[in-house]
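Please find below a colleague's note on the model under review. The points proceed from the whole chain to individual elements and residues.

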Amino acid sequence: MSVLVGLIVMLGMLVVVPMGLRLTGAHELDRVRRLWPLFAVPGAVALWLPRGGPATILAACYALGAVLLALHAPPRLLRNLAASETSAVTPTEIALLTALITPSIAAIALVAERSGHTLFGFGLGILALTVPHFHFAGFAAALVSGLVCRVVDSAAGRFAALSVPLGTLLVLIGYFIGDWAELAGAVALTAGMWTVALLTWRSIRGGQRDRITRLLLAASSAVLVVTMVLALSWALGEATGLPHPTLTWMAATHGLGNALGFALCSMLAWRRLRNHTDHEGRTA
C-alpha cells in the first residue's frame, strides 16, 4: 500500500496542484505556481526515503511551499469581503479558499509521518493516508466544485461548492472527535461530489463539441459515483462496526480512482476548456 499511496501523492504534488493553480485564473498565485516544483520535487523524493532526518527536511521543503500557498487565502478573503456589498463570500470563492489551504494540512501530516512521530495522537499509517486525502478530497475536489459553480451558477452549483468544503472540514474535525463526525463529513462530501458529477455530466459535458474533453468529463463524473460510495461504506463501517473495506482496499480503489479518474481527468478537461475559451477570446 505504501508504494501505491506514494505514487498517488506524487501525482497530487507534481501534477494536480500546479495544474489546479493555473485553472484558478488568480494572477496572484502565478509566482507560487512557478516556484512550486522547487517545493514539490523535494516532497516527492521524501516519500521514497526511509523515515528520518533527510526525509523530514525534504518534506519540510514541501510544507514551506504549501504554507506559502495557504498564506494567499487570508488576504484574498479580506479583499472579497471588502468588495462585497453584503459582506458575504460567494460559494465559488469559499471552494477556492479551501483549495488554497488544504495542501498545507497534507504537508504537515507528511512532515510528521516522515519524521516518524505521531501528531495529535494519530499514528503513522493515518498520517500517511491524510496526505493524499487532502490533496484530492481537499484541493482537487474543492477546486473542481468551485469551477463547476462558476460555470453553472445555480442552486445545485452553489450547494456543491459549499458542501465539498464543509465535508472536508467535518472529516478533519472527525479525526479529533470521533467516527460519527467523520461519517457526517463523508455524507456531506459525497453529496457535494455527486452534485459535481451530475452538473459536470449534464451541464458542462453536454455543451462540449470536443470529443476528448467530453470523454474526460464523462470519466470524472462516472468515477465519482463509485468512489464516493466506497468512501461512505468505509466511514459507515468505522462508525457502526459494520463490515467495510480495509484501508489497503480503499487506497487501491477509492484512492486510485479519485486520483486518476476524477482529479487528473478533471484537471485535463478543465485545462482544455480554458484553452478553448482563451482561443475563442483571441479569435473574437
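1. Basis of the note. This is a predicted model, in which local features need pLDDT of at least 70 and side-chain atom pairs count only at pLDDT 80 or more, while totals for chains, interfaces and linings use all residues. Residues are numbered from 1 along each chain as its sequence is written, and side-chain values use heavy atoms, with hydrogens and water left out.

2. Secondary structure. The protein has 10 helices and 0 strands; its elements, read from the N terminus, run α-α-α-α-α-α-α-α-α-α. Helices (H or I, at least four residues) and strands (E, at least two) are DSSP runs, numbered from the N terminus.

3. Overall dimensions. The C-alpha trace spans about 55 × 45 × 40 Å along its principal axes.

4. Of the 284 residues, 50% count as buried (buried means under 20% relative accessible area, exposed over 50%, partly exposed in between; 1.4 Å probe, protein chains only). Among contacts with a separation of 6 or more, 75% join residues 24 or more positions apart, where contact means heavy atoms within 4.5 Å.

5. Helix H7. The 23 residues of H7 (residues 155–177) should span 33 Å at 1.5 Å a residue, and the 31 Å between the end C-alpha atoms agrees with this; the expected span is 1.5 Å times one less than the number of residues. Its buried residues include Gly157, Ala160, Ala161, Gly167 and Tyr175. The buried residues of H7 pack against H5 (91–115), H6 (124–151) and H8 (179–204). Just after H7, glycine 178 takes a positive phi of about 145°.

6. Phenylalanine 120. Most residues other than glycine have a negative phi. Phenylalanine 120, by contrast, has a positive phi near 55°. This residue is in the loop between H5 and H6 and is exposed, at 63% relative accessible area.

7. Threonine 227. This residue belongs to H9 (residues 211–240) and is buried, because its relative accessibility is 4%. Beyond neighbours within four places in sequence, threonine 227 contacts Thr253, His254, Gly257 and Asn258.

8. Histidine 244. The loop between H9 and H10 (247–283) holds histidine 244, which is partly exposed at 29% relative accessible area. With neighbours within four places set aside, histidine 244 contacts Ser233, Trp234, Gly237 and Glu238.

9. Valine 15. Located in H1 (residues 2–23), valine 15 is partly exposed, with a relative accessible area of 27%. Apart from neighbours within four places in sequence, valine 15 contacts Met10 and Leu264.
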